Amino acid sequence: MKILIVQLLRLGDIVLSSPVIQGLRDQYPDAEIDLLINKQFENVVGLLPKVNQCFTFDRSLVQSSLGEKERFVFEGFDRVNRLMQRLKNRQYDQIINLTHNRLSAYIVGGIACRKRIGLWIDDQNQSLIESAWFRHLNEDDLREKSEHFHFADVYKFSAQIERPRLGICLRETACGREHAEQYFSGLSSKYHVALTSDLKKNWGVEKFKSCIDEIHRSLPGTHFTILGAPSESAILTDAFENKPHCSVVICDLDYAYSIILKSDLVLTGDTSIKHIASATATPIIEISIGSSDFRRTGSYSENALILQSQEGCAPCSHASPCHRDEHYCAKKISPELVSLVAVDLLRNQSAQIKNISKEFSDQVKIFRVDITTTGTWMAIDVSAPLSEFEV
């Protein structure tokens, strides 16, 4: 059997697709499982469960060839055509499209196979969806209803994975492990990881700095690793260079994953690293602001707490910029609040977190992640009274 998984969205979505890859590998150990992703994210493949071949779609080259006058007018078409021919030559038995957009639908519809799952467009230009689960991916009206499903669950159930409680599945690379061991060999204190995000989802470097200082005062001797991409090097180095309890590490995904495996806490916004951390046993504190829709893309880990801003306009739409004069949802969550949650979590004082949630109820709602026996992701308000069953 030959199976193609199509995931032409962002890095975090590729990580959320890992249970599908692992689940199919468990169900069909002899199958050839291929993956199609955007080229800019091909560096994540080493962390994913084993795939036989990874094909990449170079969106930037295709788009630039259509708009630059010095480029051959059919260059973009030729690139797509060569990719399609390679995929057709594989003669797939099944294609699973985990991307809910027209580009992926045309690609899937153009490849002959016996079974398709997800969105595809046939030769009559008709859009078809072979799984009802995919209606949850694009229906914004579900935001106001109780009918929420995490994207990882939508992916798993649509692909008919037999292990519903299967979580994010990543594997450590030898290179990442070696680099992390070298890094931690010079540190004798406890380790914590703080991460920044961008634009509307960004809590802000200054708030992270204040929060880290508060935690350090409560837990002297702790050391913080500030993970960042090369594009963040200058701003992070400038912000933390005078803090002896912090180290800035600019690294690739393999190295970041190995660092997180050895850490005691991940403090992050809605980032791809958050999803990578969900594959570990390391506790996570996720700051959910801006367009972060935690009920769909929150940390898929039972060791996670999610702090959702109580600003009325959050979560907002991904497609439009913030309409207000300041980033009020980020201002709503104070460094003092986050540091209190982090310290109590590190001290295993989970009962105190409920009191914090009540005290700061005007700023934030704190949710604890739970994966039910049926495999469905849930976010439970920690300030809510316990049910009779829970008691």
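These legends accompany close-up views of a predicted model.

**View A. Helices H14 and H15 pack against each other, their axes coming within 8 Å.** H14 spans residues 335-346 and H15 residues 350-359. Their axes cross at roughly 165°. Angles over 145 degrees count as roughly antiparallel, and H14 and H15 are therefore roughly antiparallel to each other. The crossing of H14 past H15 is left-handed. H14 contributes Leu337, Leu340, Val341, Asp344 and Leu345 to the contact. H15 contributes Ser350, Gln352, Ile353 and Ile356. Six of these contact residues are nonpolar, two are polar and one is charged.

**View B. Asn348 sits in the loop between H14 and H15.** Its phi is near 60°, a positive value in a residue other than glycine. Asn348 is exposed, with a relative accessible area of 70%.

**View C. Ser17 occupies the loop between helix H1 (11-16) and helix H2 (18-27).** Ser17 has a relative accessible area of 2%, so it is buried. A polar atom of the Ser17 side chain lies 2.8 Å from the backbone oxygen of Asp13. Beyond its neighbours within four places in sequence, Ser17 is in contact with Gln7, Leu98 and Tyr155.

**View D. A cis peptide bond runs from Ala314 to Pro315.** Omega is near 0° for this bond. Pro315 lies in the loop between strand S13 (304-309) and helix H13 (328-332).

**View E. Gln160 has a positive phi of about 60°.** Gln160 is not a glycine. The loop that holds Gln160 lies between helix H6 (151-158) and helix H7 (174-184).

Methods. Residues are numbered from 1 along each chain as its sequence is written. This is a predicted model: local features need pLDDT of at least 70, side-chain atom pairs count only at pLDDT 80 or more; totals for chains, interfaces and linings use all residues. Side-chain values use heavy atoms; hydrogens and water are left out. Axes are lines fitted to C-alpha atoms, for helices over the stretch in contact, and angles run from 0 to 180 degrees between N-to-C directions. Helices (H or I, at least four residues) and strands (E, at least two) are DSSP runs, numbered from the N terminus. Angles under 35 degrees count as roughly parallel, over 145 as roughly antiparallel, 65 to 115 as roughly perpendicular and the rest as oblique. A crossing is left-handed if the near helix is turned anticlockwise from the far one by less than a right angle, and right-handed if clockwise. Contact means heavy atoms within 4.5 Å. Ala, Val, Leu, Ile, Met, Phe, Trp, Tyr, Cys and Pro count as nonpolar, Asp, Glu, Lys and Arg as charged, and the others, Gly among them, as polar. Buried means under 20% relative accessible area, exposed over 50%, partly exposed in between (1.4 Å probe, protein chains only). A polar contact is a pair of N or O atoms within 3.5 Å; within protein, one must be able to donate a hydrogen and the other to accept it, and residues adjacent in sequence count only if both atoms are side-chain atoms.
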